[in-house]
There are 2 protein chains.
Amino acid sequence: MNEEPESILLPAEAEPLPSTQIWIGPGVLERADRLLRSPSGRFVLVSPPGARAAADRVRRALAGGLIADIALDDREASKNLAAIEAIADRALEAGLRRDDAVVAVGGGVTSDVAGFAAAVLLRGVAWNAVPTTTGAMADAAIGGKTGVDHRAGKNLIGAFHPPRTVLIDPRAAEGLPERDFRAGLVEAFKAAWIADAGLAAASRSAIDRILAREERALTSLLAGAARVKADIVASDPRESGLRRLLNFGHTLGHALEAAGGYERLRHGEAVAWGICAAVEISRRRAGLSASESASIREVLVRLGPFPEPDRDPGRLAPFLARDKKATAAGLAAVLLEAVGRARVHEGVPATEWLDAAAIMSLK
Amino acid sequence: MNEEPESILLPAEAEPLPSTQIWIGPGVLERADRLLRSPSGRFVLVSPPGARAAADRVRRALAGGLIADIALDDREASKNLAAIEAIADRALEAGLRRDDAVVAVGGGVTSDVAGFAAAVLLRGVAWNAVPTTTGAMADAAIGGKTGVDHRAGKNLIGAFHPPRTVLIDPRAAEGLPERDFRAGLVEAFKAAWIADAGLAAASRSAIDRILAREERALTSLLAGAARVKADIVASDPRESGLRRLLNFGHTLGHALEAAGGYERLRHGEAVAWGICAAVEISRRRAGLSASESASIREVLVRLGPFPEPDRDPGRLAPFLARDKKATAAGLAAVLLEAVGRARVHEGVPATEWLDAAAIMSLK
C-alpha cells in the first residue's frame with residue numbers, strides 16, 4: 001500500500017417495504033376490481049388450473065386491465081427458477097412495465113412463485129395475493145416471504161416482497177379438496193396457539209362448524225389467523241426475531257415433509273405432526289400445562305387423521321440440520337408456555353426432536 | 001357481499017438497505033482480509049477465469065474463511081437465471097447460512113450476477129464487490145443494482161441489493177485488455193460530465209496519463225467517478241428520480257448495444273456513442289455550449305476509436321421502445337445543460353434519437 005486509500009460511505013437508506021392491505025370476508029372477490037392495486041392499472045394474472053373458479057372472478061373484475069394471463073403448474077416439484085423464467089417470458093413479451101402489477105390467484109405455491117417473480121421482474125414490481133386454499137389464506141399469502149425450492153431444501157431462493165393487497169374470501173376455498181382444506185387449517189390454528197388464546201378457545205368450540213365450512217365460523221378463524229400473522233410480521237418483516245414464532249411446529253415439520261419427499265405429507269399435515277412433537281417438548285421445557293397440551297392435541301386429532309410420517313431418525317436428522325434459520329448459534333425451537341404464548345428457546349438439541357418424533361401420536 | 005369485510009393494514013416497514021463502504025486506492029486488495037465483510041466470517045467467492053490474479057489475492061486474504069470457490073462464465077450470453085442456479089447449487093451444497101457473505105471478483109457481469117445470487121439466496125445474504133475492470137470500478141459494482149438478462153432485454157430480472165463493501169484497486173485492472181480498459185473509462189468520464197465539472201476538467205487534462213494507466217491519475221478519475229455515483233445513489237437508491245442521471249448516454253447506448261447483438265460493441269463503447277448523440281441533443285434542447293460539447297467529444301475521440309455501430313433506424317427503434325425506465329409517461333432523456341450539470345427531460349421523441357444516431361461521428 002503506497003498511501004492511505006480513499007473511503008466513501010454510501011449510507012444505509014431507510015427504504016420502506018410497501019404496506020399490505022388485507023381484506024377478509026365472504027364475497028370480497030366480487031370487489032376485486034376496486035381492491036386490487038396496480039400503479040398503472042395494468043395486471044399480469046398468474047394462476048394454476050385448480051384455482052380456475054376464483055381466477056375467473058378476478059378475470060371478470062379486471063377485464064381490460066389484464067396484459068397477460070399466465071397458467072402456473074403449482075405442484076411443489078415445479079416450484080423452481082424455471083417457473084420464474086416462464087413467468088418472466090410471458091410478462092416481458094406482454095410489455096411489462098415497472099408500474100404494472102402481478103395478481104397471484106391460488107394456493108401457497110402460487111403466491112410464493114408469482115410473488116418472487118414480481119420481486120425480480122424489472123428489479124421489482126407490485127403484486128397482489130388472492131389465496132384460494134385455507135393454508136394460503138391463514139399463512140402463505142401474508143407477510144412477503146416469496147421464493148422457490150432448491151434440491152437442497154424448500155424456499156431456499158427467494159425474496160422478502162410483500163403484496164400490496166391480500167383478498168381473503170372464504171368462498172374461494174369452496175372447491176378445495178377435503179384433505180387440503182383440513183391441512184391448511186393447521187396453520188390457522190397454529191396462529192391462534194402461538195399468539196391468541198381467545199381465538200384458540202373460540203375456534204376449538206367452533207371446530208364442527210369450521211370443518212363443515214360454515215362461512216361465519218371459518219371466516220372468524222381465518223381473520224383471526226391473518227391478524228396474528230400480520231401483527232407478528234409488522235413487528236419483524238425480515239424474520240430476525242419475533243417472526244420466528246410463526247415457525248411453531250415447523251422445525252420438525254419441515255424435516256418430516258422433506259423426509260417424505262414432499263409427497264407423503266401436505267405441508268399443513270407435516271406441521272400438525274411437528275406441533276404434536278413441539279407440544280411434548282413444551283410440556284417439559286416451557287411449562288405448558290397438561291390440560292392445554294391436551295386441548296391442542298384434541299384439535300389436531302379432529303383436523304386429521306393425517307398420514308403417518310417417516311419417523312426414522314437416520315432419515316430425519318440431515319433435514320433438521322439444514323434448517324434455513326440455523327446460524328452459528330445452532331437450532332432454535334419455538335415452544336409454548338401456554339396457549340397463546342410462544343417463545344423461542346435456543347439450543348434444543350436435534351436429538352430431542354428425533355426422540356419426540358419417534359413416540360408422537362395423534363389418536 | 002353479505003356484510004362488510006374485515007380489513008387489516010400491515011404497515012410499510014422502514015427496513016434499511018444496508019450501507020456500502022467503498023475503499024479506493026492502489027493496494028487496497030492487499031487489505032481484503034480486513035475490509036471484506038461477512039457476519040459469520042465465512043465467504044463464497046465468485047469469479048470468472050479472466051479475474052484470476054485479483055481472485056488469487058482475495059483467496060489468500062480470506063484463506064480459511066472460504067466455504068465455496070465458484071467459477072463464473074462472465075460472457076454476456078451466460079448472464080441468465082441458469083447462472084444464478086449454478087451459484088445456488090454450489091453455495092447451498094457448501095452449507096451456506098444466512099450470516100455468510102458472497103464476494104464477487106470480476107467485471108460488471110460478475111458483480112451483477114453474483115450480487116443478484118446473494119440477493120435471492122436464503123432470501124438475501126450479504127455480498128462484497130471487488131471490481132477488476134474500469135467499467136465495474138466506475139459504475140457497475142456501486143449502487144446495488146444487480147440482475148441477469150432476458151431475451152427481451154438486459155438486466156430485466158434482478159434486485160436492488162447493495163454490497164457491504166466495494167474494493168476499488170486500480171492495480172486489479174492491470175491485466176485488462178486495452179479495449180476493455182478504454183471502454184470502461186467512458187463510464188468514469190460520464191460520471192464526471194453529469195455531476196462534477198472539476199473532475200471532468202482535471203481528467204481531461206490528465207487523459208494521456210490515464211490512458212497510460214498511470215496509477216495516480218487513474219485512481220483520481222476512478223475515485224471521483226465512484227464518489228459521483230455514491231452521492232447520486234445515496235439520494236435515490238431505487239431509481240425513482242435523480243439516479244436516472246446516471247443513464248446519460250444509455251438511452252441510445254442500450255439500443256445500439258442490443259442492435260449489435262451485444263457482440264459488436266462493448267457496453268462502454270455503446271455508451272460513448274450514446275453520449276455523442278446525447279451531446280448533440282443537449283446542444284439543441286438543454287443549452288449545452290459549443291465549447292463544452294467539443295470538449296466532451298474530444299475526450300471520447302481519445303478514448304476510442306470505437307467500432308462503428310448499427311445506425312439503421314428500423315433496427316434501433318424497437319430497442320428504444322423497450323427502455324426499462326419507460327412508464328406510461330413515455331421515454332425520458334438525460335441531457336447536459338453544462339459539463340457537470342445533467343437534467344432529465346421527459347418526452348424526447350425516439351425519432352430525435354434515431355436522427356442523432358444517423359449522423360453522429362467520433363472522428
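This is a short walk through a predicted model, one selection at a time.

Some ground rules before you click. Residues count from 1 along each chain as its sequence is written, chains are lettered from A and ligands numbered from 1 in the order in which they are written, and side-chain values use heavy atoms, leaving out hydrogens and water. Because the model is predicted, local features need pLDDT of at least 70 and side-chain atom pairs count only at pLDDT 80 or more, while totals for chains, interfaces and linings use all residues.

**Stop 1**

Chain A exposes about 13000 Å², and carbon and sulfur atoms supply 50% of that. Those areas come from the Shrake-Rupley method with a 1.4 Å probe, and for residues only the protein chains shown count as cover. Of the 363 residues, 61% count as buried; buried means under 20% relative accessible area, exposed over 50%, and partly exposed in between (1.4 Å probe, protein chains only). As for contacts (heavy atoms within 4.5 Å), among those between residues at least 6 apart in sequence, 77% join residues at least 24 apart.

**Stop 2**

Zoom to residues 332-338 of chain A, which make up strand 11. Six of its seven residues are buried, so this strand is largely enclosed by the rest of the structure. (Two strands pair if DSSP finds at least two bridges between them.) To get your bearings, pick A:Ala333 and look across to A:His345 in strand 12. Together the strands form a hairpin with two residues between them, and A:Gly340 in the turn has a positive phi of about 95 degrees.

**Stop 3**

**Stop 4**

Next, select residues 267-285 of chain A. That's helix 11, with 19 residues reaching 26 Å from its first C-alpha to its last, close to the 27 Å expected at 1.5 Å a residue; the expected span is 1.5 Å times one less than the number of residues. Is helix 11 mostly covered or uncovered? Mostly covered, with 14 of its 19 residues buried. Step just past the helix to A:Gly287, where phi is positive at about 80 degrees.

**Stop 5**

Carry on to A:Gly304 and A:Pro305, which a cis peptide bond joins, with omega about 5 degrees. A:Pro305 sits in the loop between helix 12 (290-303) and helix 13 (313-321). Chain B has a cis peptide bond between B:Gly304 and B:Pro305, with omega about 5 degrees.

Then jump to A:Arg123, whose phi is near 60 degrees, a positive value in a residue other than glycine. It lies in the loop between helix 4 (108-120) and strand 7 (126-131), and A:Arg123 is buried, with a relative accessible area of 8%. Over in chain B, B:Asn155 also has a positive phi, near 55 degrees. You'll find B:Asn155 in strand 9 (residues 153-160), buried at 14% relative accessibility.

**Stop 1: A:Ile87**

Finish in helix 3 (residues 81-93) of chain A, at A:Ile87. This residue is buried, at 2% relative accessibility. Its contacts, leaving aside neighbours within four places in sequence, include A:Val46, A:Leu72 and A:Val113. For a sense of scale, draw a line from A:Ile87 to A:Leu316: their C-alpha atoms are separated by 34 Å.

How values were computed
Helices (H or I, at least four residues) and strands (E, at least two) are DSSP runs, numbered from the N terminus.
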